[in-house]
Amino acid sequence: MSLSRNQILGGVGILALVLLPFVYHSAYPLHILILILIWSFAYTSWSMMGRFGLVSLGHGGFMGVGAYVTALMWNHLGVSPWIGIPIAMVTAGVLALIVAYPCFRFRITGHYFALVTLALSGIVLQVITATRDWTGGSLGYTPERTKGSGLAALQFTDKETWYLIALAVWVVGLAIWHFVDRSMARYAMEAISEDEDASAAAGVNVTAEKLKITVLSAVMTALAGALYCQYQMFISPDTVSGIAVSLQMVFAVVVGGIYVSLGPTVGAIITILMAEGLRIGFGTKAVGWDNLVYGVLLVVFIIFLPKGILGSLLDLRRKPAAAKPAKAAA
Amino acid sequence: MLVVDKLVKRFGGFTAVNNVSFKVDQGEILGLIGPNGSGKSTIFNMLSGTLAPTAGLIQFEGRQIAGQAPHWIINRGIGRTFQIPRPFRRLSIFDNVALAGYYGQGGHSKTKAFDAAEKALAMVGLPTDREASVDGLGAAGLKKLELAKALATGPRLLLADESLGGLDEHEMDQAAEMLRRIRKELGITIIWVEHIMGVLMRVVDRVMVLDHGEKISEGLPSAVAHDPKVIEVYLGSDAGAVQAATGGGG
């Protein structure tokens with residue numbers, strides 16, 4: 001089997017990304033890259049269901065579950081993140097089932113589904129804040145530093161290791177995206193997003209298909225939260241859970257491109273660079289400005305570039321190619 | 001093959017289907033007619049699982065199916081078309097049918113699904129290339145696609161809902177011929193709901209007439225067309241033409 005041009009480009013790109021930290025050691029850019037990779041993975045996870053019209057505003061909740069369950073199990077029970085992270089992911093999956101099953105069973109779709117999931121974001125944030133004796137509440141929470149092996153505690157002081165971990169997870173996220181894209185589940189989800197009754201008449205178990213993609217998306221998002229926690233070694237309800245985080249996911253994916261695999265990654269690059277730019281450029285004078293800019297840009301994008309930056313660029317590249325045979329025929 | 005016993009469907013205080021019983025034999029084409037709002041589509045929706053009956057039994061190949069979910073019923077061998085075609089516009093024509101071929105037959109094998117899709121498309125006379133867009137189809141093409149989707153699920157009983165609405169006379173004849181071929185070549189039993197009486201009467205083995213949710217007549221097309229009750233509620237001024245069609249054609 002010969003490789004396509006895209007496969008070769010992808011391979012070279014990933015190789016370059018793997019080699020990057022060994023050539024380039026500067027800590028701050030590497031830190032930004034790690035954040036971009038972790039958030040790209042979180043956004044990709046959101047887009048797994050978002051691309052099929054299942055707009056969740058509850059993914060901040062799943063991310064919070066991923067981060068807090070992992071950290072709480074480590075601090076209180078001494079459970080290694082290697083076990084804690086899978087438990088956190090399962091917890092998020094179960095939470096997704098509990099919220100999504102009644103929604104799908106009783107046909108809560110569109111705006112109403114978004115509102116139900118919005119409540120989930122709020123609830124997770126409230127639970128973290130209310131159980132402050134355990135979670136540190138709104139002051140945030142820090143997993144205890146280990147004195148022994150960093151591997152068992154999944155704590156590393158060097159950025160290179162974290163960069164490679166984040167890169168691997170990001171690649172796995174893209175692989176899952178492509179796996180779903182090529183599966184029959186994509187056909188089913190596209191059909192469901194258009195017409196649930198007609199999909200059922202084609203034999204699709206509508207509720208089951210929607211649940212599958214929702215649980216997958218929630219579980220992946222929880223992993224992103226856990227990774228963020230292990231890397232930053234500090235989490236607070238505002239940075240890994242809540243409505244603001246959920247909205248940030250929607251915004252980044254819409255800006256990057258909801259229907260293309262690298263769209264969420266492009267969205268992460270833009271949002272994180274913008275937030276950092278504002279922080280460095282204006283310092284404490286610009287606290288909260290990024291949210292304002294997000295809001296304005298979100299409106300602009302939904303109206304003028306609904307396919308996002310990457311989606312629209314790919315369309316531009318495709319159009320001249322697609323126009324040729326039509327001209328030849330005419 | 002299909003036994004429907006004392007089927008009832010009420011929406012609040014309104015009884016859409018009242019105590020309707022009938023049987024469909026293996027290999028037959030049963031026509032289901034009646035004026036608008038007589039309960040034809042409601043019966044279809046109960047047979048295909050879209051609506052749960054208020055009371056009554058539906059037995060398909062010896063198994064109770066009343067109140068089961070649509071996807072479960074489709075997977076037991078009952079396919080359906082919709083009165084107004086409902087294509088998935090985000091998928092190509094082929095993918096529309098492949099989807100039905102996959103999920104309508106248990107969702108086990110992609111190869112089998114693609115096979116079923118190719119056969120169903122060839123049967124109804126649509127192109128089998130993978131990319132052709134649904135947007136290129138007219139009214140007749142969309143009806144064909146609807147039929148291909150139902151066929152790809154591998155039904156033993158096909159519920160065809162007013163397949164001919166919106167077609168011209170030539171297209172109607174072709175579509176009627178199609179249903180006859182589906183029965184002959186694929187051995188599929190058919191229940192056909194239709195407004196256009198003349199064509200239906202030429203193709204079906206038996207007709208059942210509904211009015212206000214009740215069965216008012218059932219039998220051979222020629223007999224039903226002469227039933228005074230049927231003439232009164234449904235056929236009206238068209239009676240002569242339909243009688244001529246059933247009498248002459250046979």
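How many helices and strands does chain B have?

Analyst: Chain B has 10 helices and 10 strands. Helices (H or I, at least four residues) and strands (E, at least two) are DSSP runs, numbered from the N terminus. Residues are numbered from 1 along each chain as its sequence is written, while chains are lettered from A and ligands numbered from 1 in the order in which they are written. This is a predicted model, where local features need pLDDT of at least 70, side-chain atom pairs count only at pLDDT 80 or more, and totals for chains, interfaces and linings use all residues.

Start with overall form. The radius of gyration of chain B (taken over C-alpha atoms) is 18 Å. The globule rule (2.2 Å times the number of residues to the power 0.38) also gives 18 Å for 250 residues, so chain B is as compact as a globular protein of that length. Its C-alpha atoms fill a box of roughly 50 × 40 × 30 Å along the principal axes.

Next, the contacts. Two residues are in contact if their C-beta atoms, placed from the backbone, lie within 7 Å. Of the contacts in chain B with a separation of 6 or more, 66% join residues 24 or more positions apart.

Now confidence. pLDDT is the predictor's confidence in each residue, from 0 to 100. Chain B has a mean of 89, and 92% of its residues reach 70 or more. Among its elements, helix α3 (residues 93-103) of chain B has the highest mean, 97. Helix α10 (residues 239-249) of chain B has the lowest, 57.

Finally, the partner. In chain B, 24 residues are in contact with 15 residues of chain A. Helix α9(A) gives the most to chain A's side, with six residues.
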